[in-house]
Amino acid sequence: MAPSTPRVVVKVDLKKKPWEQEQPLHNRWHPEIPSVAQVKAGEFFRVEMIDCMAGTVKDNSSSADIKHADLSMSHCLSGPIRVVDEEGVAAKPGDLLAVEICNLGPLPGHEWGFTASFDRENGGGFLTDHFPCATKAIWYFEGIYAYSPQIPGVRFPGLTHPGIVGTAPSMELLRIWNERERQIEENGVKPFSLCEVVHQRPLANLPKAKGCLLGHIDTEAPEWERIAKEAARTLPGRENGGNCDIKNLSTGSKIYLPVFVEGANLSTGDMHFSQGDGEISFCGAIEMNGFLELKCEIIRNGMKEYLTPMGPTPLHVNPIFEIGPVEPRFSEWLVFEGISIDESGRQHYLDATVAYKRAVLNAIDYLNKFGYSKEQAYLLLSCCPCEGRISGIVDSPNAVATLAIPIAIFDQDIRPKTRKVPSGPRIVRKPDVLKSTYDGKLPITKNPSCST
């Protein structure tokens with residue numbers, strides 16, 4: 001017998017706000033957020049999701065929506081979804097929840113997405129010290145391919161995936177998260193130099209009531225304020241999975257998630273049509289409205305059997321990911337290297353983040369020679385199917401990171417070569433990304449070796 005059509009367990013109406021949905025969304029992690037649906041192990045079900053900015057970013061010719069974005073509202077997740085076995089017994093703390101991605105894609109009628117960089121003083125990003133302005137590029141989908149009017153001469157297949165898939169934390173795990181993140185926010189990172197070269201702020205996103213959505217817990221409920229002050233933001237990946245942004249979690253992938261509360265309370269969102277390794281522009285990838293079709297399996301006592309805690313409690317574990325068989329195939333790549341030397345020439349010790357930043361900056365400046373603005377290159381590297389690697393982490397004092405860009409995504413040959421024309425490789429390409437002004441006061445980093 002042919003398999004049944006997946007049951008829609010969470011449906012979204014893109015004409016409505018997140019808090020107006022029939023099954024209200026949530027943008028915080030907390031064990032007391034009630035489930036909005038229940039599924040059985042082995043059941044084929046469908047979940048619909050709104051984009052990471054909750055529909056506030058529009059398909060238009062302005063980046064004002066990015067510059068003035070309310071980041072307290074980001075990552076409105078679909079769920080939580082309670083998972084039970086074939087006999088109706090809920091997943092228990094200590095189990096593993098195996099989540100298989102059977103199918104996924106953009107919501108029909110909404111085959112477009114966006115890539116952006118936030119204003120330096122409203123979110124910032126990986127290269128915010130070089131690119132302080134809010135920028136935006138719109139991408140349109142043609143089947144598996146994406147193209148952008150703002151970044152001409154580029155077309156590539158997307159490896160569509162959810163940025164966020166996670167289970168609810170227990171109260172104990174939530175306290176661990178909030179305490180350790182509060183320490184870095186309140187005390188800073190004075191012993192480390194990384195904070196000086198990656199200027200993204202704040203250092204952590206602590207619980208706050210502003211913009212908080214708690215699903216079925218109404219703002220008038222007596223417990224709402226308490227939970228809003230405890231509930232963890234969804235920005236980082238943590239022990240429960242969450243915002244891991246693993247670009248290869250596409251069709252056929254499996255995620256083995258730790259279970260911390262009864263029923264697991266699975267949530268997902270932040271759908272991406274495509275993403276580059278690192279999602280470097282922060283509001284990166286190609287963000288879109290989308291759907292997932294999933295199947296779940298409960299592995300009883302799987303946490304103890306398969307996950308070794310890397311910390312002081314049994315809760316300090318991390319998910320396991322099984323990559324599916326579907327991905328774009330490229331045979332030719334141009335690879336850019338970076339080492340642990342920042343733009344001022346200062347040596348850092350085996351710092352892979354500084355090395356990756358250098359690799360990305362090298363790639364951006366190189367693409368600039370082929371007619372792309374640096375803002376275009378920055379957004380492109382955040383969402384095209386490029387590959388980042390830590391190539392060396394032991395050869396003191398330099399870590400080595402690389403960024404590989406597939407040559408085939410361009411309509412020109414971007415490889416270095418001997419040229420007969422005196423004008424060199426520069427090709428004028430218009431238009432540029434949508435760009436807002438930067439009105440802040442924080443200084444901007446310049447490469448002392450560059451004229452621009």
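The model is a predicted one, in which local features need pLDDT of at least 70 and side-chain atom pairs count only at pLDDT 80 or more, while totals for chains, interfaces and linings use all residues. Residues are numbered from 1 along each chain as its sequence is written, and side-chain values use heavy atoms, with hydrogens and water left out.

Although Ala54 is not a glycine, its phi is positive, at about 60 degrees. Ala54 has a relative accessible area of 15% and is therefore buried, where buried means under 20% relative accessible area, exposed over 50%, and partly exposed in between (1.4 Å probe, protein chains only). Glu279, also not a glycine, has a positive phi near 45 degrees. Its place is the loop between β16 (266–272) and β17 (290–299), and Glu279 counts as buried because its relative accessibility is 10%. Most residues other than glycine have a negative phi, and most peptide bonds are trans.

## Cis peptide bonds

The bond from Gly79 to Pro80 is cis, with omega near -5 degrees. Pro80 belongs to strand β5 (residues 78–84). A cis peptide bond also leads from Ser396 to Pro397, with omega near 0 degrees. Pro397 is in the loop between β20 (387–392) and β21 (400–406).

## Lys11

Lys11 sits in the loop between β1 (7–10) and β2 (28–29). With a relative accessible area of 52%, Lys11 is exposed. Apart from neighbours within four places in sequence, Lys11 is in contact (heavy atoms within 4.5 Å) with Gln21, Gln23 and Glu48. Lys11 and Pro397 are 386 residues apart along the chain, and 52 Å separates their C-alpha atoms.

## Glu239

The loop between β13 (237–238) and β14 (241–243) holds Glu239. Glu239 counts as buried because its relative accessibility is 6%.

The side chains of Glu239 and Trp177 are joined by a polar contact of 2.9 Å. Such a contact is a pair of N or O atoms within 3.5 Å; within protein, one must be able to donate a hydrogen and the other to accept it, and residues adjacent in sequence count only if both atoms are side-chain atoms. When neighbours within four places in sequence are set aside, the residues in contact with Glu239 include Leu173, Trp177, Arg180, Pro258 and Phe260. Leu315, His316, Val317, Asn318 and Pro319 are also in contact with Glu239.

Three strands form an open sheet in the order β19-β21-β20, with antiparallel pairing. β19 (333–339) and β20 stand at the edges with a single partner strand each, so one side of each has no neighbour in the sheet. On average, neighbouring strands of this sheet are turned by 25 degrees against each other, direction ignored.

Strands pair if DSSP finds at least two bridges between them; β19 and β21 run antiparallel and are joined by seven bridges. Ile339 has Val400 in β21 as its bridge partner. Helix α6 (residues 352–368) lies across β19, β20 and β21 and runs at about 135 degrees to β19. Axes are lines fitted to C-alpha atoms, for helices over the stretch in contact, and angles run from 0 to 180 degrees between N-to-C directions.

## Strand β15 and its partners

Four of the five residues of strand β15 (residues 254–258) are buried, and the strand is mostly covered. β15 pairs with strand β6 (residues 96–106) in the antiparallel sense over five bridges. Lys254 in β15 is the bridge partner of Glu100.

Strand β18 (residues 320–322) runs antiparallel to β15, and three bridges join the two. Phe321 in β18 stands opposite Ile255.

## Helix α7

Helix α7 (residues 374–383) is mostly covered, with 10 of its 10 residues buried.
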